[in-house]
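Let us take a walk through this structure together, one piece at a time.

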Amino acid sequence: MSAETLVVRDLYTHYRTRLGENVYAVSGVSLTLKEGRVLGIAGESGCGKSTLALSLMGFYFPPLHYKSGSIVIDGTDIMAIDYETLRTQFLGVQIAYIPQAAMNALNPTRRVIDFMADVVRVHQPGASDAEIRAMVEQRFEALHLPKRVLPAYPCELSGGMKQRTVIAVSTLLNPKVLIADEPTSALDVTSQKAVIKMLRDLMNEGFVKSMIFITHELPLLYHVADDIAVMYAGQLVESGTADEIIMGAVHPYSHALMGSIIVPEEGMKDEKLKAIPGAPPNLKKVLPGCRFADRCPYAEDKCRLGTIEERALGARRYRCWREPEALKEIYSHE
Amino acid sequence: MNEAKSVLRGQALSRSFGFGKAKFYAVDHIDFDFHEGEIISIVGTSGSGKTTLAKMVLGLLKKSSGEIYYMGGPLVLRSHRDMKAYWNHVQAIFQDPFSSFNQFHKVEKLLADCIEMQGLKLSREEAFAKMRSACSFVNLKFEELYNKYPFELSGGQMQRLMIARIFMLGPDILIADEPTSMIDACSRSTILEMLLKLRDEKRMTIVFITHDLGLAYYVSDSILIMNAGKIIERGTAREIIEHPQADYTKSLLADVPKLNEEWKLG
């Protein structure tokens, strides 16, 4: 049993609009990230994946607000720490974040090396230019990135290279947990592979202890992640190992999500894609029962009553009152 | 497919940027022939010239040399009036649905513009009926949407609204430039199904531009693989994916994560 780097219990966060309405974007998420593992989070747009990622860093800027729950990184509950300590001693050192649009994350008016120096100085105020330069060059070498990037401005780099530079900046201080929020969705397949290879190198070299990888590309997630959690309307509806989820999803939503997989393999051409009808629910008000009930083809009256608790199935968890055998039976008739 | 008539043909089509030493060809003397009722995918990495080709075909970018033939005759776009007439037959969907619409107009007005573009004079009821049928084609509910602004819709909804517009205009050719790269996997399958429906019901020729061979394989009849402005390989979707010949195609195929095969990171 390896050490747990990140433990989240019953996290509730919401957005508050200008009209004073609350949008409950993350409600009751619990997850555990073990050292050396990659946890993938899958789901549609607007299901709360990115909000969850932002919430996990313990940073709450309006309109995002924290309600309850605990986030424990390596034994420390970061919700109990004040803002300044969190910023200088946790962010980047314990937990780091890679945003989706690398183009917007780099300062266009500064060279990459200056930008990296800033990051280091927040955490190590006394570091000299030479020290920082040596540290950065060493890291670029380890990650097989060309050194010509360092004196360049962001506009001189390609999209894939910018994304890899942002990853190098985020992980410069060896964070225990790395959150990658759709790092490859703006890239073509070849650059995507380079970015994934770099993330894999980071894990193998021990620069990063564990990773949360957010994407809606299921075939990609299957190869990158060890465990997968499927998110829907602010809740995790199913979690388990990558093989279990991709090859034999239990929850009706995860099952339906697998119908959207497109891969260039023989036989795909004759398959019919199954899109999920309808749109995700409005999270301004919390409906009783299962949140997927309105779009679920197998929903009954029972689904819309009370709260649907998470159920354990070995090490897996899923949020549906039906027995797994009963669900498998239903799917086999499709 | 030989009896199908040629809708769009390119002959030694090229476009260069820069002069002298800095001159390079974004599209380098390529030939193509698209037939009626066919979905053609153009696949390549970023910077391979896919979008430049699309822009030339749309008349948004001037060609450096070569010729485009539309419905057998050479394409001549001298004035804005020529362009407008041409765009009644050739339409496009772009990558970013958020910038495809006028943000100040409601959905009703955006759809009503299509009726105006066709030069039809319809009563409000007739126009509504037409818009309603277009929305139901793309599985959207017109009653819920007509009073909304584009920014109130999700990316998937907007892209579907774009297809509803295409449905109303009924062009001969649709250029879809990475229409699914900014929306999630679930709405993506809906969009792909709709493109197939447009082909089957309206006999539309669709040029589908993507970097994902999986999508190209699923949706298209034939595939062109492009790299550095040149066409590396062409063939039916099955030929290209199941028996790729060129090394570039093979490497492109290896870069896509698959389910039943190990993904070698190298």
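In this predicted model, strand S1 of chain A (residues 4–16) and strand S4 of chain A (residues 64–73) are paired in the antiparallel sense, over 8 bridges. To find one of these spots yourself, look for Val7(A): the bridge partner of Val7(A) in S4(A) is Val72(A). Strands of a sheet pair through backbone hydrogen bonds, and they can do so either parallel or antiparallel.

Now widen the view. S1 and S4 belong to an open sheet of 4 strands in chain A, ordered S2-S1-S4-S5, with antiparallel pairing. At the edges of this sheet are strand S2 (22–34) and strand S5 (76–77) of chain A, each of which pairs on one side only. What lies across S1, S2 and S4 of chain A? That is helix H1 of chain A (residues 49–56), which runs at about 65 degrees to S2(A).

Next, move over to chain B and its helices. Two packed helices are described by the angle between their axes and the distance between the axes. Helix H4 (residues 124–137) and helix H6 (residues 155–169) of chain B pack with their axes 8 Å apart, at an angle of about 125 degrees. H4(B) and H6(B) are therefore oblique to each other, and their crossing is right-handed. On the H4(B) side, the contact is made by Lys130(B), Ala134(B), Cys135(B) and Phe137(B), while H6(B) brings Ala164(B), Phe167(B) and Met168(B). Sorted by class, this contact of H4(B) with H6(B) has 6 nonpolar residues, 1 charged residue and no polar ones.

Key. Residues numbered from 1 in each chain as written. Chains lettered and ligands numbered in written order. Predicted model: local features only at pLDDT ≥ 70, side-chain atom pairs only at ≥ 80, totals over all residues. Axes fitted to C-alpha atoms, helices over the stretch in contact; angles between N-to-C directions. Helix = DSSP H or I, 4+ residues; strand = E, 2+ residues; numbered from the N terminus. Parallel < 35°, antiparallel > 145°, perpendicular 65-115°, else oblique. Left-handed = near helix turned anticlockwise from the far one by under 90°. Contact = placed C-beta atoms within 7 Å. Nonpolar A, V, L, I, M, F, W, Y, C, P; charged D, E, K, R; others polar. Pairing = 2+ DSSP bridges.
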